[in-house]
Amino acid sequence: MKEKIIIIGAGISGLAAAYFLKKPYEVLEEKSYAGGLCASFYEDGFVFDCSGHFIHVKDEEIKKTIEKLTGGFCKIDRNAAIYAKNKFIPYPFQANLYYLDDKTKKECVNGILKRKDVKISASMPFLRWSEAMFGQGITKYFMKPYNRKLWDYDLNKMTTEWTGEFVPKPDAEIIVKAAYSKNKKRYDGYNSVFYYPKVNGCGALIDGLTKEVKVNLNSKTQKIDIQNKIILCSSGKTYKYNRIVSTQALPEFNECSLKC
Ligand SMILES: Cc1cc2nc3c(=O)[nH]c(=O)nc-3n(C[C@H](O)[C@H](O)[C@H](O)COP(=O)(O)OP(=O)(O)OC[C@H]3O[C@@H](n4cnc5c(N)ncnc54)[C@H](O)[C@@H]3O)c2cc1C
């Protein structure tokens, strides 16, 4: 058994680590496909991205690498809307209540006017933060369903400091004003302009990387013997390592390495 760097996971992190590594490696991926959250699926001529679909790059070298790997990308101006109550509401929902039906709009406006006077802090659970910030109506019709779906996590258990920065926070006065007249303000945020591959969705990046990086699919790491530096895989194979680059969730990695 040759000693190598073992990379656990063939998501974008694991593939990129292998791509840039100048030493012998093995990538172990538990699934039958590479890409993790960044994978795309193709069906009936359509592309479905699992999650990440905005490419943000500041570094010119990385930009060139992504361009080469994807076969080229386009610069896109975000044009987002929220489908709520059978209508498309321009982004962000909370600054465009004008487009809602009268009953929902009234509930949202009343909600913001009747907010409880609580001290707002980033360590508050997301749901409480949203109600304190935007009131019950906006929370009910947008913040709660959208964020529950986006993060796939109990919003009462999730704090706000790591998500709050993604949420535009117009003043209550502006929110109420924008309920009765069209809001012309642009809310740029971090992703108003982004890059996207010309073909094959975000998976184009994964396709490009897997042409360069060898991945052992169906290879879930089951036990990590830290003392002897050996990994046992679900495929039955064992790998001797000198270092591990783990991209799997930390609690699961810990569990794996404690099994021996
Ligand atoms: C809804 C949503 C939207 C997002 N939008 C964007 C966006 O627009 N732009 C952006 O830049 N980012 C976005 N992100 C974030 C981005 O998708 C992730 O940060 C990124 O894909 C994570 O990559 P990763 O390789 O670190 O992890 P993952 O993609 O989770 O990869 C980990 C890999 O490890 C494998 N694995 C786990 N355990 C084992 C094991 N024991 N043995 C072997 N393999 C194992 C998994 O199968 C998986 O393939 C978004 C995320 C979500 C959820």
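Colleague: Which residues is T163 in contact with, leaving aside its neighbours within four places in sequence?

Modeller: In this predicted model, T163 is in contact with F126 and M158 once those sequence neighbours are set aside. The C-alpha atoms of T163 and F126 are separated by 8.2 Å, although the two residues are 37 residues apart along the chain.

Colleague: And where is T163 placed?

Modeller: T163 belongs to the loop between α4 and α5, and it is partly exposed, with 18 other C-beta atoms within 10 Å.

Colleague: What do the buried residues of α3 pack against?

Modeller: They pack against α4 (126-151) and α5 (172-180). The buried residues in question are C108, V109 and I112, and, seen down the axis of α3, they fall within an arc of 95°, so they line one face of the helix. On the other side of α3, the residues K103, N110 and L113 are exposed.

Colleague: How far apart are the end C-alpha atoms of α3?

Modeller: The end C-alpha atoms of helix α3 (residues 102-113) are 16 Å apart, which agrees with the 16 Å that its 12 residues should span at 1.5 Å a residue.

Colleague: Now α2, which residues are buried there?

Modeller: In helix α2 (residues 60-70), the buried residues are I66, L69 and T70. Viewed down the axis of α2, these buried residues fall within an arc of 90°, so they line one face of the helix.

Colleague: Which residues other than glycine have a positive phi?

Modeller: N218 is one of them, with phi near 50°, and K229 is another, with phi near 55°. N218 sits in the loop between β9 and β10 (221-225), and K229 in the loop between β10 and β11 (230-233).

Colleague: How many other C-beta atoms lie within 10 Å of each?

Modeller: N218 has 13 other C-beta atoms within 10 Å and is partly exposed; K229 has 15 within 10 Å and is partly exposed.

Colleague: Where is the cis peptide bond?

Modeller: The cis peptide bond joins Y91 and P92, with omega at about -5°, and P92 is found in the loop between β7 (87-90) and α3.

Colleague: Switching to the ligand, which residues come nearest?

Modeller: Of the 24 residues around the ligand, G9, G11, G36, G52 and Q248 come nearest. The shell divides into eight nonpolar, 11 polar and five charged residues, and its largest share, three residues, comes from helix α1 (residues 12-20).

Colleague: Take G11 then: buried or exposed?

Modeller: G11 counts as buried, with 20 C-beta neighbours inside 10 Å, and its place is in the loop between β1 (4-8) and α1. Not counting residues up to four places away in sequence, G11 touches G35, G36, L37, C38 and T247. The C-alpha atoms of G11 and Q248 are separated by 9.0 Å, though the two are 237 residues apart along the chain.

Colleague: What about Y83, is that one buried or exposed?

Modeller: Y83 is exposed, with 8 other C-beta atoms within 10 Å, and it belongs to strand β6 (residues 81-84).

Colleague: Last topic: what does the pLDDT average over the protein chain, and which element has the lowest mean?

Modeller: The protein chain averages a pLDDT of 92, and 98% of the residues score at least 70. Among the elements, helix α7 (residues 250-258) has the lowest mean pLDDT, 81, whereas strand β9 (residues 215-216) has the highest, 98.

Conventions
Residues are numbered from 1 along each chain as its sequence is written. This is a predicted model: local features need pLDDT of at least 70, side-chain atom pairs count only at pLDDT 80 or more; totals for chains, interfaces and linings use all residues. A residue is near a molecule or strand if its C-beta atom, placed from the backbone, lies within 6 Å of it. Helices (H or I, at least four residues) and strands (E, at least two) are DSSP runs, numbered from the N terminus. Ala, Val, Leu, Ile, Met, Phe, Trp, Tyr, Cys and Pro count as nonpolar, Asp, Glu, Lys and Arg as charged, and the others, Gly among them, as polar. The expected span of a helix is 1.5 Å times one less than its number of residues. A residue is buried if 20 or more other C-beta atoms lie within 10 Å of its own, exposed if 12 or fewer, and partly exposed in between; C-beta atoms are placed from the backbone. The arc is that of the directions from the helix axis to the C-beta atoms. Two residues are in contact if their C-beta atoms, placed from the backbone, lie within 7 Å. pLDDT is the predictor's confidence in each residue, from 0 to 100.
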